[in-house]
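Hello,

I am passing a structure on to you. Please open it first, then read the notes below it.

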Amino acid sequence: MLVKTILADRETIFLDGLESLLTSGEQFFYRIVGRCNSSSELMEKLDYTDVNLLITEINLGDNESTDFLKEIRKNHQDLSICVLSSYTADKFVRGAFVSGADGFVSKYNDIKELLRALATISNGKTFLSEG
């Protein structure tokens, strides 16, 4: 089964690399159904896209807080949400989980850590990466 996934990050080159990593080799079970560079674009895309998983940065350019995650969680309760961020201060990590994230992975980790997170949250558990 392909996991229908939306990627959200303000940096397009990062999205290119992440999409490539998730759709090739051993990770071939992810199908990217959308890419967004802002929280407003993400909210709009979620309204009309059938999706199972969201991988998002906290800072999407038009929003530097986790508030948009609250609205996503309220409107898409079955969606798995993994925050993949370079914002690793406690207030951002805590804010992500309080706002509805299922997992948090630091961008300073490798792809294996992200894949562990995605496997964990797909089994209904929460995940917090080290580092």
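**Salt bridges**

Seven salt bridges are present in the structure. Keep in mind that the model is predicted. Here are the ones to look up.

Start with Asp50 and Lys4. They form a salt bridge, and their closest N and O atoms are 2.5 Å apart. This pair links distant parts of the chain, 46 residues apart. Asp50 sits in the loop between α2 (39-48) and β3 (53-56), while Lys4 belongs to strand β1 (residues 3-8). Asp50 has a relative accessible area of 52%. The cut-off for exposed is over 50%, so Asp50 counts as exposed.

Next, go to Glu19 and Arg35. This is also a salt bridge, with 2.8 Å between the closest N and O atoms. Here too, distant parts of the chain are linked: Glu19 is in helix α1 (residues 12-22) and Arg35 is in strand β2 (residues 30-36). The two are 16 residues apart. Glu19 is partly exposed, at 24% relative accessibility. Arg35 is partly exposed, with a relative accessible area of 24%.

Arg116 and Glu113 form a salt bridge, the closest N and O atoms being 2.5 Å apart. Both residues lie in helix α5 (residues 111-122). They are three residues apart, about one turn of the helix. Arg116 is partly exposed, at 44% relative accessibility. Glu113 has a relative accessible area of 10%. Buried means under 20%, so Glu113 is buried.

Finally, find Asp9, Glu57 and Lys107. Salt bridges link these residues in a network.

**Charges overall**

The protein chain carries 14 positive and 20 negative side chains. The centres of the two sets are 3 Å apart.

**The fold**

Five helices and six strands make up the secondary structure of the protein chain. Along the sequence, the pattern is β-α-β-α-β-α-β-α-β-α-β. The radius of gyration is 13 Å, close to the 14 Å that the globule rule gives for 131 residues, so the protein chain is as compact as a globular protein of that length. Its C-alpha atoms fill a box of roughly 35 × 35 × 30 Å along the principal axes.

**Inside and surface**

How much of the protein chain is buried? Buried residues account for 47% of the 131 residues. Take the contacts between residues at least 6 apart in sequence: 59% of them join residues at least 24 apart. The protein chain exposes about 6900 Å², and carbon and sulfur atoms supply 48% of that area.

Best regards

Methods:
Residues are numbered from 1 along each chain as its sequence is written. This is a predicted model: local features need pLDDT of at least 70, side-chain atom pairs count only at pLDDT 80 or more; totals for chains, interfaces and linings use all residues. Side-chain values use heavy atoms; hydrogens and water are left out. Helices (H or I, at least four residues) and strands (E, at least two) are DSSP runs, numbered from the N terminus. The radius of gyration is taken over C-alpha atoms; the globule rule is 2.2 Å times the number of residues to the power 0.38. Buried means under 20% relative accessible area, exposed over 50%, partly exposed in between (1.4 Å probe, protein chains only). Contact means heavy atoms within 4.5 Å. Accessible areas come from the Shrake-Rupley method with a 1.4 Å probe; for residues, only the protein chains shown count as cover. Lys and Arg count as positive and Asp and Glu as negative; His and the chain ends are not counted. The place of a charge is taken as NZ of Lys, CZ of Arg, CG of Asp or CD of Glu. A salt bridge is a side-chain nitrogen of Lys or Arg within 4 Å of a carboxyl oxygen of Asp or Glu.
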